Amino acid sequence: MSQTQTLSGASILVVGGAGFVGGALCRHLLKLAPRRLTIVDNLLSADIANVPEHDVVEFIPGSIADDRVLTRLSADLEFVFHLACYHGNQSSILDPITDHQNNTLTTLKLFERLKDMPDLRKVVYSAAGCAVARKTFDTAQATAEDAPVSLIHDSPYSISKLVGEMYGNYYFRQHGLPYVAARFQNVYGPGEILGAGQWRGTPATVWRNVVPTFIWKALHGEALPVENGGIASRDFVFVDDIAQGLMACATNGTPGEAYNMASGVETSIGELAETINRLAGNSTPVAMAPARPWDHSGKRFGDPSKSRHRLGFAASVTLEDGLERTIRWTRDNRSRILAAMRRHARFVPEVKAYG
Ligand SMILES: NC(=O)c1ccc[n+]([C@@H]2O[C@H](COP(=O)([O-])OP(=O)(O)OC[C@H]3O[C@@H](n4cnc5c(N)ncnc54)[C@H](O)[C@@H]3O)[C@@H](O)[C@H]2O)c1
């Protein structure tokens, strides 16, 4: 069945829908004319401006772990996308309890609330490819959905994402919750606002991910900080592809299964820096920096074959094209991004230098 047939006219909940990926997903869902789109978000790492104004949108501000928020959810939900997390690894290392409250407890309480809803057709959970990838600096193999998973993790964030999958599988087997895991590789694209949301204790509140950080610095003629010789590798997936993949999970995913949301293309951080500098016209050479001591996730990328065969999902935007679009968006939205960054200027004084 097509996404339009399945999702149009449906009652849909997006938890974490004000965030980077959640915001993009909501914009795609609205094109399919749902009956109702409920968005729950406590704006921990997002701005209210990312919540679309639309007749069918109901925004519930607050945590999905809050019983008052859970009680407000309509019992006729048909599709749920759970994208809330405590962003990201560094914040969770600094404050594992807050990570637990917003990344683990959120998932448990949401699934507990959903388990008896009679009209539910799919609950799609945003799982993380980094949590299941083998930790290696040797040649990487594409991570398939059934690859063995280690019990040794670099961050509470990673543990929370894995526990979320375990709860999903438990609620599927015990209660028949129609749960599907969408395992994201590294998402990038327009809409990821550096500094979005509240201060979360480390400069990674501003410099939240490698792509928007490199693009911002490249557009300001700065040396891109390339850690550990740039040898680490990732699988970068454009945000609109991820939105399509999430909707494919809702439409065609089999409950109890996990699907990689991956491009299948491995790119080293050194190559990423060179490409961004070229596309942004930045001639300042990269600056070599030491490896992050906590990060053992050296080289990795995802295997997209199961999603292609079972969901009909394939990432369609090349890295070069996606980066060009993201650079254009960053130029066009510079003042909005700068305003979000400047809210943390007390803690990250370097942002004051951007006039
Ligand atoms: N972006 C990536 O590369 C990537 C990779 C793997 C997995 N993921 C997962 O995808 C999801 C979305 O990631 P993103 O990059 O859009 O991050 P994001 O920080 O932009 O989005 C997370 C959203 O959850 C909200 N939130 C936090 N705690 C909440 C709570 N208690 N109740 C309700 N909302 C809450 C935040 O305010 C934010 O809007 C996350 O679950 C993340 O773990 C992302």
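Helix 7 (residues 156–175) lies across strand 5, strand 6 (179–184) and strand 11, and runs at about 155 degrees to strand 5. Contact here means heavy atoms within 4.5 Å. Axes are lines fitted to C-alpha atoms, for helices over the stretch in contact, with angles from 0 to 180 degrees between N-to-C directions. Helices (H or I, at least four residues) and strands (E, at least two) are DSSP runs, numbered from the N terminus.

This is a predicted model, in which local features need pLDDT of at least 70, side-chain atom pairs count only at pLDDT 80 or more, and totals for chains, interfaces and linings use all residues. Residues are numbered from 1 along each chain as its sequence is written, and side-chain values use heavy atoms, with hydrogens and water left out.

Helix 9 (residues 239–252) lies across strand 4, strand 5, strand 6 and strand 11, at about 140 degrees to strand 5.

The strands belong to an open sheet of seven, ordered 3-2-1-4-5-6-11 with parallel pairing. Neighbouring strands are turned by 20 degrees against each other on average, direction ignored. Pairing requires at least two DSSP bridges between two strands. Strand 4 (residues 79–82) and strand 5 (residues 122–128) pair in the parallel sense over four bridges; F81 has V124 of strand 5 as its bridge partner.

The structure holds zero disulfides, a disulfide being a pair of cysteine sulfur atoms within 2.5 Å.

| Cysteine | Closest cysteine sulfur | Sulfur distance |
|---|---|---|
| C85 | C130 | 10 Å, too far for a bond |
| C249 | C26 | 16 Å, too far for a bond |

C249 counts as buried at 0% relative accessibility (buried: under 20% relative accessible area, exposed: over 50%, partly exposed in between, with a 1.4 Å probe and protein chains only).
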